[in-house]
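Here is a friendly tour of one structure, from its helix contacts to its sheet and its ligand shell. Have the viewer open and follow along.

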Amino acid sequence: MKLINKTILITGASSGIGRQTAIDLAKLGNTLILIGRNKKRLEEVKKKCNKYAVNYKIGTSYIICDVSNEKNVKEACKLVFEKYNKVDVLINNAGYGEKRSFLKTSTKNFKDMFDTNYFGIIYFTKAILPSMLKRKYGHIVNIGSIVSKMAVPDMSAYCSTKFAVMGLTESLRHEVDGTGVNVSIVMPGSTDTNFFKNDTFKGSMPGKNREVIKTITPKEVTDRIIYAIEHNRFEVYAPRQFKGVMSLKNNFPRIYWKMIKKML
Ligand SMILES: NC(=O)c1ccc[n+]([C@@H]2O[C@H](COP(=O)([O-])OP(=O)(O)OC[C@H]3O[C@@H](n4cnc5c(N)ncnc54)[C@H](OP(=O)(O)O)[C@@H]3O)[C@@H](O)[C@H]2O)c1
């Protein structure tokens, strides 16, 4: 799909990867629907996007919506279809992580994170996929993580949600094959956003050796999201070098485990 003149809904558009992706897609000539909870930040992103949309009849807008609340999501999508009539691309990006050992992660911590990182995707996909199937056109991108395939210690809740996103996306891929609708999972590594700014990280990243884990920019992730859509790729790593690490895990697991143990 060529990303121009498309109507694109992006969750978690108020910050980090979602914000950057919204702005870059607006620059390419697309209309964005921004989803998030922080009105002030959404307003700022909307203004930035609309700078590039002056020639379009309907510009970028935002809807305040908690993705973990199914009723909220249904209401938001109703508004979307009333105003825009269609969604060509759905980017399920909203999510958060926390750093805690397994025993310090309460059952509620697990459930809350699943509500946002996993069920948020379920709610939006259920609300939008039927219209894409009807039009035989559309692309859904789920933002997983490198930990969708390679779990790290002290983030069992987060890794579980992102492994679940992988399973969901792969299963959906089979189901929509040949319908005109495509699905992708984009898996970023550590990215410089507000993600690590909550108290549980206390300025640190998972693992002891922060310096050995390269952090990428939101822009690098956005480029990979655009690549996934324009080239219809199912699994996309950001950066792409992670593909090599995955291949090491699959083909030479003992070397992988030695290496990862040293790193973490
Ligand atoms: N940063 C990384 O290292 C990294 C690596 C791999 C994957 N990821 C994934 O990338 C995605 C974006 O994260 P980021 O790094 O850009 O972090 P971020 O800067 O903290 O942005 C997170 C976004 O998610 C939104 N969000 C969170 N909970 C929400 C909820 N219940 N309802 C609606 N919106 C919600 C936030 O919006 P509001 O605050 O306005 O609600 C914000 O726009 C997440 O899925 C994350 O798991 C991040």
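Predicted model: local features only at pLDDT ≥ 70, side-chain atom pairs only at ≥ 80, totals over all residues.

Two residues are in contact if their C-beta atoms, placed from the backbone, lie within 7 Å. Arg19, Ala22, Ile23 and Ala26 of helix H1 meet Val45, Lys48 and Cys49 of helix H2. Sorted by class, the H1 contact with H2 holds 5 nonpolar residues, no polar ones and 2 charged ones.

**Helix pairs**

Two packed helices are described by the angle between their axes and the distance between the axes.

| Helices | Angle | Axis distance |
|---|---|---|
| H1 (residues 16-27) and H2 (residues 39-50) | about 20° | 8 Å |
| H3 (residues 70-84) and H4 (residues 107-135) | roughly 30° | within 9 Å |
| H4 and H5 (residues 156-176) | about 25° | 9 Å |

H1 and H2 pack at an angle of about 20°. That angle makes H1 roughly parallel to H2. H1 passes H2 in a right-handed crossing.

The crossing of H3 and H4 is right-handed.

H4 and H5 pack at about 25°. H4 is therefore roughly parallel to H5, and the crossing of H4 and H5 is right-handed. From H4 the contact takes Asn109, Phe110, Met113, Phe114, Asn117, Tyr118 and Ile121, while H5 supplies Ala157, Tyr158, Thr161, Lys162, Ala164, Val165 and Leu168. The H4 contact with H5 counts 10 nonpolar, 3 polar and 1 charged residues by class.

**The sheet**

Strands of a sheet pair through backbone hydrogen bonds, either parallel or antiparallel. Which kind of pairing is found here, and in what order do the strands lie? The pairing is parallel, and 7 strands form an open sheet in the order E3-E2-E1-E4-E5-E6-E7. Strand E3 (61-64) and strand E7 (235-238) are the edge strands, each pairing on one side only. From one strand to the next, the twist averages 15°.

Strand E4 (residues 89-92) and strand E5 (residues 138-143) run parallel and are joined by 4 bridges. Across this pair, leucine 90 stands opposite isoleucine 140 in E5. H1 packs on the sheet, where it touches strand E1 (7-11), strand E2 (31-36), E4, E5 and strand E6 (181-188). The direction of H1 makes about 170° with that of E1. H3 lies across E1, E2 and E3, and runs at about 165° to E2.

**The ligand shell**

How many residues surround the ligand, and which are the closest? The ligand is surrounded by 29 residues, with Gly12, Gly16, Gly36, Arg37 and Gly95 the closest. H1 gives the most to this shell, contributing 3 residues. By class, the shell around the ligand has 8 nonpolar, 18 polar and 3 charged residues.

**Backbone details**

Most residues other than glycine have a negative phi, and most peptide bonds are trans. Two spots are worth a look against that background. Lysine 136, in the loop between H4 and E5, has a positive phi near 55°. Alanine 238 and proline 239 are joined by a cis peptide bond, with omega about 0°. Proline 239 has its place in the loop between E7 and helix H7 (242-251).

Note on methods
Residues numbered from 1 in each chain as written. Near = placed C-beta within 6 Å. Helix = DSSP H or I, 4+ residues; strand = E, 2+ residues; numbered from the N terminus. Nonpolar A, V, L, I, M, F, W, Y, C, P; charged D, E, K, R; others polar. Pairing = 2+ DSSP bridges. Axes fitted to C-alpha atoms, helices over the stretch in contact; angles between N-to-C directions. Left-handed = near helix turned anticlockwise from the far one by under 90°. Parallel < 35°, antiparallel > 145°, perpendicular 65-115°, else oblique.
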